[in-house]
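Subject: Structure handover and notes

Dear colleague,

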Amino acid sequence: PIDDGTLDAATLMLVLHHLPDPAAVLTDVARVLKPGGRILIADMLPHDREDYRRQMGHVWLGFSNEHMRRLLAGAGFQNTRIVPLPADPDSKGPALFVAAGTRE
């Protein structure tokens, strides 16, 4: 466990889509960040690869811009920015986004 308000920044890379309750995780990240601390997330945009649930344990098939914005706001993050990454035509996986926010 990490004490409250001890981190300047937190990074979540391709993890939220594996978790049953991403809102709770983001709330916990906000808890451990100092006021003004930053979160950086990279995860999947919405996709229809239902086979990922069985093959790789995905709970969520990606997150829309609006869904991620609601999750971050609900956890107390402000100044959020969500940017879809350009799709790689040679990639076989879903498109990705990056999101950032500041703890209130």
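Predicted model: local features only at pLDDT ≥ 70, side-chain atom pairs only at ≥ 80, totals over all residues.

Residues are numbered from 1 along each chain as its sequence is written, and side-chain values use heavy atoms, with hydrogens and water left out.

I begin with the strands. Helices (H or I, at least four residues) and strands (E, at least two) are DSSP runs, numbered from the N terminus, and two strands pair if DSSP finds at least two bridges between them. Strand S1 (residues 7-13) runs parallel to S2, and six bridges join the two. Between them the chain passes through helix H1 (residues 22-32), and this β-α-β crossover is right-handed, a term used when, with the strands pointing away from the viewer, the path from the first strand over the helix to the second runs clockwise. Leucine 12 has isoleucine 41 as its bridge partner in S2, and methionine 13 has alanine 42. Alanine 42 in turn has valine 98 as its bridge partner in S4, where S2 and strand S4 (residues 96-103) pair in the antiparallel sense over seven bridges.

Next comes the loop between S2 and H2, which holds leucine 45 and also histidine 47. Contact here means heavy atoms within 4.5 Å. Leaving aside neighbours within four places in sequence, leucine 45 is in contact with Leu61, Gly62, Phe63, Pro84, Pro94, Ala95, Leu96 and Phe97, and histidine 47, not counting residues up to four places away in sequence, touches Tyr52, Leu61, Gly62 and Pro94. Histidine 47 is buried, because its relative accessible area is 16% (buried means under 20% relative accessible area, exposed over 50%, partly exposed in between, with a 1.4 Å probe and protein chains only).

Two residues stand out for their backbone angles. Most residues other than glycine have a negative phi. Leucine 14, in the loop between S1 and H1, has a positive phi of about 50 degrees although it is not a glycine. Asparagine 79, in strand S3 (residues 77-84), likewise has a positive phi, near 50 degrees. Leucine 14 is partly exposed at a relative accessible area of 39%, whereas asparagine 79 is exposed at 58%.

Finally, the salt bridges, each defined as a side-chain nitrogen of Lys or Arg within 4 Å of a carboxyl oxygen of Asp or Glu: by this rule the count comes to five. Asp4, Asp28 and Arg31 are linked in a network of salt bridges. Aspartate 8 forms another with lysine 34, the closest N and O atoms being 3.2 Å apart, and here too distant parts of the chain are linked, since aspartate 8 is in strand S1 and lysine 34 in strand S2, 26 residues apart. Aspartate 8 counts as exposed because its relative accessibility is 54%, while lysine 34, at 32%, counts as partly exposed.

With kind regards
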